Structure formats: C-alpha cells, structure tokens
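Open the model in your viewer and colour it by chain. The tour below goes from one selection to the next.

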Amino acid sequence: MFPARIWREFPQRYRLEAVKNKDTGEVYFPPRYVSKDGKKFNGEKYILPDEGKIFTYTVIEVPPSQFKDEAPYVVCIVELTDGTKLTCQITDFDKDWLDIGKKVRLEFRRVQTDAHHGVLSYGYKAVPAE
Amino acid sequence: MRDVAIIGVGMTKWGEIWEKSLRQMFVETAYEAIADAGIEKLDGMYVGSMSPGLFVGQEHIGALLADYLGQKNIPAGRVESACASGGLAVKCAFMDIACGNSNIILAGGVEKMTDVSGDGATYALATAADQEYEVFHGATFPGLYAMMARRHMHEFGTTRRQLSSVAVKNHENGSKNPLAQYPFKVTHEGVENSVMVADPLTILDCSPITDGAAAVILADLETAKKLAKNNPLVKIIGIGHATDSIALHDRPSLSGLEATKVAGERAYKMSGKTPGDVNVAEFHDCFTIAEIMVLEELGFCEKGKGGEFTEACNTHIGGKIPVNTSGGLKSKGHPVGATGVAQVIEITKQLRGDGGERQVEGAKIGLTQNMGGTGASSIVHIMEVV
Amino acid sequence: MVGIVGYGAKIPRHRIKVEEIAKVWGADAESYKRGLQLTEKSVPAPDVDCVTLSVEATKYALKRAGITGDKIDALYIGSESHPYAVKPSGTICAEAIGATPNCHNADYEFACKAGSEAMFVSLGLVKSEFCNYAVGIGADTSQGAPGDALEYSAAAGAASFIMGRENILAECLYTHSWMSDTPDFWRREHQHYPQHGGRFTGEPAYFRTIKGCAYALLEKSGMKPEDFKYAVFHQPNGKFPMRVGKMLGFEREQLETGWLVPTLGNTYSGASPIGLTAILDIAEPGDNIFMVSYGSGAGSDGFIFKVTDRIKEVQDLCPKTRPQLDENKIYVDYGTYAKFRKKILKND
C-alpha cells in the first residue's frame, strides 16, 4: 500500500476524528465538506465515542487478497453511543458471545500488514465490552 | 423525447470461458446483436464494464471494442457504475437516441473475471464498496450483503430457508437457459449446506465469478419500425436511476435498498405503470437476500415480506410476478458489467414471446433492476411490447 | 517534586499454557513449570504489536492523569519488538493519542530494560523542566525460538507512565542506573529469535546487575528493605525476582503484588513496569515502592516511588492490571499460537 493513502486517513483511523455540523447537529465520519443535503455548513472537529454496540456483523470466510492470512475474521457495523455507525473488524471475542446488540469498545489495532515488507496500517477494531 | 425500442439482442454462453479474451467475447456477442437487428453500421456504442483494468489490465475499451467490432470512428466509450454498468450503458444509449442525437446505438456489457485468482477477483469486486472505510477493514461483497441479510433477518424474521428459496427458484429457471453458467437445479438443503462464504451467506447464496458479454441495439421508434421484420417491437417506456451512500454504515437502514425504491418510483412514474402492471421481471440477485429486498422496494410485496413472498412461490414462472426467468445472476452467471444488459435481453425475449421453455404466458410489460455495489446505484427499466 | 501523574497497562487476552508448548517439543511440562515457576503466558493476536499495546496503555495513563494527548511533550517506547527495523514506533503512538506535532520522540532498545529507560529519561526531562509531561512506555511482543526455554516465557504486554510535576500520584524520590558490558542475551540483525548464554544469564548477569543497582539505590536513599511496602524486579521467570528480592532482604509479601510472571510470562520491556502498575492499582497513600529493572547486555534502572493521596482518585478510572491478567482469558493451542506468531512458513 502506498503510504500517502493511509497517512491522510490517520486522524480518522487513529483518533476517530469526525466533523460535527453545527447547523444540524449531524456527525460526519469520515468528515464531509458539504452536508448530506448539499449545503455548506459550520463544522467543528468532533471525536467519536469509542463505545457502542454491534448493529450487524458477518464472518468473512473468503477474504480479498490483502486479508488472505486473516480469514476467517469478523466484520461488523458498530453503532456508537452517539448514533454514528462505522464498519470495522471485531477481535478478541468468544464465538458464543457474538450477536447483534452486544456492547463493544474500539481499540487501536493493526488492520493491514502489506505482506512482510510494506507499511503497516493501524486503525480501530471492536472488542467485547461486556 | 423520442420513443426508443430494442431492435436486436446478442448473448453468448456465459461461464469460465478460458479460451476467449474480453474483446473476443464482446465482439461475438455484439455482432450477434447487430445481425439480429439487421443493420451494419452503428451511430455509437456504450459499453458497461466494471473493472477491465483490474481484471485484465485493459482500460479504454470503448475504442478497442469499436475497432474490433469493425465500427471504427464511431463515438464509443465505457460507462461504469460497478455491477450496474450494463444497466447504465442501456440508459445512456436510450438518452442518446431519445434526445435525437443518434438513431442506432449499441449498449453492451462485458466482464472477463477469470484472468485473476479468486482472491484477486474478490479484491476487484470489493472496489465497488467504500475502499477506505469498508474494504480497508476487510469487508468483501458477500460480507456486506451478509450484514444486510442479518439485519433483514433480525428486523423482519426472514429465515434461512427463505433465502434458499431464491436460489432454488433461480436455478430451476436457469436450468432451462442454455446460456446460463450453472444451468443445474439446487435444493434448499444443498444451498444451506454449501460452503460458507460470509455468514449467513453460503456459496449458493452468491452469484458466481463469470466471463461473459451481452449486447442490445436500441433505435428510435421510426427507425425501429423500418427495420423490424417479424420481430415484435419492444419499447423502453420507463427508466429510473438513483444512488445512495456507498458505505452501508452511512445508511439509516440496512434492511432496505433506498436507491432501488427511488429508481423504481422514477421508472413507474415515467412509464405510467404500477407494479401490478408488470408481468415479468429480472432483478439483481447478486446474493439471495438482494432479490428479497428488491421485491419489497419495487412494491411487489410488503416491506419485510419478501422472504415469505418468495417461499410461497409467487416469483416462480406461473406465479404472481415471475422473477429472474433467465436464472438470474445466481444461475445464469454475473459477469458484472454485462449483467444489466443481459437482463434487458431476457425481458426483450419474454416480451417478444421468445422465452422458450421459460416463457411467461402473455407477458406484455417487463421490468429490469440492475444494482451496483451494495445497492448504492440502482437502475430500473420498464419495457413494453408494442 | 517529580513523579508519575498517570499510568496504565495493557495485557492481551490470549494465553498459552506451558503444557501446550511442552507437548509439541516432547518436553516435561512439570519440570518447566517448576524450573521457571510459571504456568502460562500471554500471547499477542496478529493484530497486536508493541505499538497497539503502547497506545492502549497510554490511553489509560492519560485518563488517570486527567490530561489530553496534546499536553505530552515527549514520548518514548522501550521495546525489543518494535514492528519496524527502521521507522519509529513512538510516532504512531504519539499520533494515536494526539500528542503530535509538538512532541519529542525516540524508540529505545536495551533488551528487557528499554521500558524503564523510557521512564528514566521521561523523569529526567520533567525534572529538568525541559518538558511538562513526558511518557515512558515499556512494551513488548517478545519471541522465543521454538523449542527453546525462552518460548515458555516470552510474552506480550505494555505499561505506560506519564511523568509530571503536578498532580503526582507517585513521587519519584531516587533513581539509580547500573550497567556493564555483559553479553548474556542478544539477537543479531536479521535473526528472528534471540540467543542466550544459558546459566550465564543468571549469576554474573541478572543477579549481579540487579543487586548492584539495588544496593546503590538503597545506599543513595538511606532506606532499608523494610521501609518499602512493595518491591518489584525484572521477572524473566517466576524464580529470579523472588530469589533476588530475598537476597536483598525483601519478604515475599513485599514482592507478591508486582510478581505477575507466573501467569503473564516475561513481557521483556514491560515486565517490571507492568508489575509496578499492579502495585499502583492497590497502593495506599504513603506507601514506598522499590523497583529495579534488568536488561541483558546488561543494565538495571532503579526507582524509589512514594505514593501520594491522589492515587485513590485514579485507581478505578481504567481497567486495572490484575483483572486484565486473571479475567477474560482466551486459551489458544500451539497451532493457533504458531499462526499468530508467524512461526508457520508461507510464501510471501
């Protein structure tokens, strides 16, 4: 992976930086430059909460090339406590625990390793919080 | 706006076509459509293809294919909207003719998917999702639809058996389609016990990796009438095209497909038809759950009842609304860029009365729904036999 | 006054038992358990490395310090398992906690002493008023060669300490460092696993160095072992820290709280620092803590901390160390462990 591509996403992947539309209260993650209804808006930096619950999930058994060594792994959509949703993997869990509605917390993890030689990509993954 | 009709169709056998290249597959198919229309020269061409760059390392296929089709100098280009690229090509051709810019346009689609490994194909297909916020985290296409399926099951009680019913019915139809990649029947148990791809979706819930091409020739009604020999004329009377957030997590609900609902409304409005008027439909069943959700969004059944509706055989040939008489993406195959065009071909055949063993009796009005990504692009065409 | 204003530890959830490793190599588990005085060790999942552990431990430390990342003027990670051979670990951690861009940063390596080195330098920078807040981290996902005695103990974990001059929860009263060139354990460039001098790592290395540092620290401070509520030493196995503690005149009760190795394994740069976090988790105001690390090669950093009243306000703010060690464990078999630790040969 070319480093510039992951580097520009660090504020979001490392620190969960979003933008809050001060006019409507909407939260955009990743940040948007125009509101969802196409308007210029007054935005402010907003850090997402790192807790939420599983909105939906799947177990990926057939992975794309860059995750060849990781499968099977679980991808989910987390609904954070402020209502924002994001997609990430779930890690460090027992199979029996996995279900819609389970509480999770976002932790800092390695997401992609680009074989043995490339740049390491870090970001958030969900872990059980109950 | 001028009326637009379909005057020729072409499609060759789909599958793992090891011996043929992208250009060979396309040219054979496109030439068949040209011959079917009884013409020699095109005014232009739109080719739908999702990712020839990733699959075979070839971009700029508009010029390449026009040249190999013996149509040098015509305006030709590739259009892309992920798996809805084929539908988009048909729409572009329609607009080109309807506005009076051209009289005869070829709308084609092609994808050569077996020149890369399985995980390479998974990678290429995943580029239709949000690369930085879904794919980066390991999401795949089956995975994203699996997450939608799980929500649908959670919210509406859709069952594993109901998902299987889609596959069983489409393979039943596909077994009567000699061009289908997998023209065999499957059982509910067979679907449920097949290899898991992305829980809860098994490999028989998923459309396959396919090489294939498809082409239709569109013309203004006046030209069409002159060219029509014995073929009944099929008009495109409604087009609806809509988009949605590309990332699933940006949508308020995952148990529906908003772009499909909006595209459907637009197509119904333009055509003046309602779901009750439609006799036969081709849906984008890239995964079994997709067909269930499309049924609901296009108004063929109540929201949340798509599974039940399917299980009760309403979408079988002879049912209330036969869906995917061709076998759908499931059985016929899914060379992504070609799919939207092949759907239009199946409906054209049905409306012409050329459906053979899978003919829906008395079909006058048909509908196609072609979808890109996890439904972030959706294109609906409504067609009527003149 | 200078000392710890925030601390945190991160221990991975996965564990492997000594029996599971012994089974694969045809070794006698009981004699390893007896000899090393440990029964299991932590295992990092493939998405865990020294940086991810550092980030999580430092997030806890920030919460206990009651400050945000942008207040951090310096951040140092000590580790022998930095994920890159060339490219700092600390920048990743600093970026993740929001300490960039006005921050000083370096990665340390000194076998198992790198973590206490980061603490030592952080304390010095804060004391000299070069920095208001500096973070010293000890973190490792250490590797032992398959079948080697080290494989039974090489574990993963991290501890992070924010040093400052205000709102201190454990004041640093004295420090001392003691070192010599003693090649008891090493890993050459491009080698996957370290080598060691067997029994040479004991008396002339571990024991001589820790004792040298500890005696100097006691002399410097004028304090005696009985003046301390707790003591923690580098813990490559269960036996060594208990033996060195007793040699120095400490009692088992003083040593047990920070003695995590029997179920954690040797977290290398994290070893005595994580032990210190377990002590801080339950310490009372006024308690004195004696800590001496050890890194092969060889050297020791010694610290004397005095716990302040503020400790009671911060202990419950984040997950404590003992529960991380004792609860929610996921046991893996050797095959999974080998896969996690990339011990299975595959094409690139």
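A residue is called buried under 20% relative accessible area, exposed over 50% and partly exposed in between, with a 1.4 Å probe and protein chains only. This is a predicted model, in which local features need pLDDT of at least 70 and side-chain atom pairs count only at pLDDT 80 or more, while totals for chains, interfaces and linings use all residues. Residues are numbered from 1 along each chain as its sequence is written, chains are lettered from A and ligands numbered from 1 in the order in which they are written, and side-chain values use heavy atoms, with hydrogens and water left out.

**Stop 1: the chains.** Contact here means heavy atoms within 4.5 Å. There are 2 pairs of chains in contact, and chains A and B share the most contacts. Select chains B and C together: they do not touch, and their nearest C-alpha atoms are 12 Å apart.

**Stop 2: salt bridges.** A salt bridge is a side-chain nitrogen of Lys or Arg within 4 Å of a carboxyl oxygen of Asp or Glu. Side chains of opposite charge can pair when their charged atoms come close. Over all chains, 52 salt bridges are found.

Select A:Asp37 and A:Lys39, whose side chains form a salt bridge at 3.2 Å, N to O. A:Asp37 is exposed, at 52% relative accessible area.

Next, select B:Asp250 and A:Arg32, which form a salt bridge at 3.4 Å, N to O. B:Asp250 is in the loop between strand 8 and helix 10 of chain B, and A:Arg32 is in the loop between strand 2 and strand 3 of chain A, so this pair joins two chains. Helices (H or I, at least four residues) and strands (E, at least two) are DSSP runs, numbered from the N terminus. B:Asp250 is buried at 19% relative accessibility, while A:Arg32 is partly exposed at 29%.

Now select A:Asp92, A:Arg105, A:Glu107, A:Arg109, A:Lys125, C:Lys10 and C:Asp47. Salt bridges link these residues in a network.

**Stop 3: a pocket.** On a 1 Å grid over the protein atoms alone, a pocket is an open set of points with protein on both sides within 12 Å along at least five of seven lines, and lining residues have an atom within 4 Å of a point. Select A:Ile47, A:Asp50, C:Lys59, C:Leu62 and C:Lys63, which lie nearest the centre of the second largest pocket, among its 34 lining residues. The space in this pocket is about 880 Å³, a volume being the space filled by probe spheres set on the points. Helix 3 of chain C gives the largest share of the lining, 5 residues.

**Stop 4: strand 12 of chain C.** Select residues 288-292 of chain C.

Two strands pair if DSSP finds at least two bridges between them. Strand 11 of chain C runs parallel to strand 12, with 4 bridges, and C:Val232 has C:Met291 as its bridge partner. Strand 13 of chain C runs antiparallel to strand 12, with 5 bridges. C:Met291 stands opposite C:Phe303 in strand 13. To finish, follow the chain from strand 12 to strand 13: a hairpin joins them through 4 residues.

Note on methods
1 Å grid on protein atoms, 1.4 Å probe; cavity = no way out; pocket = protein on both sides within 12 Å on 5 of 7 lines; lining within 4 Å.
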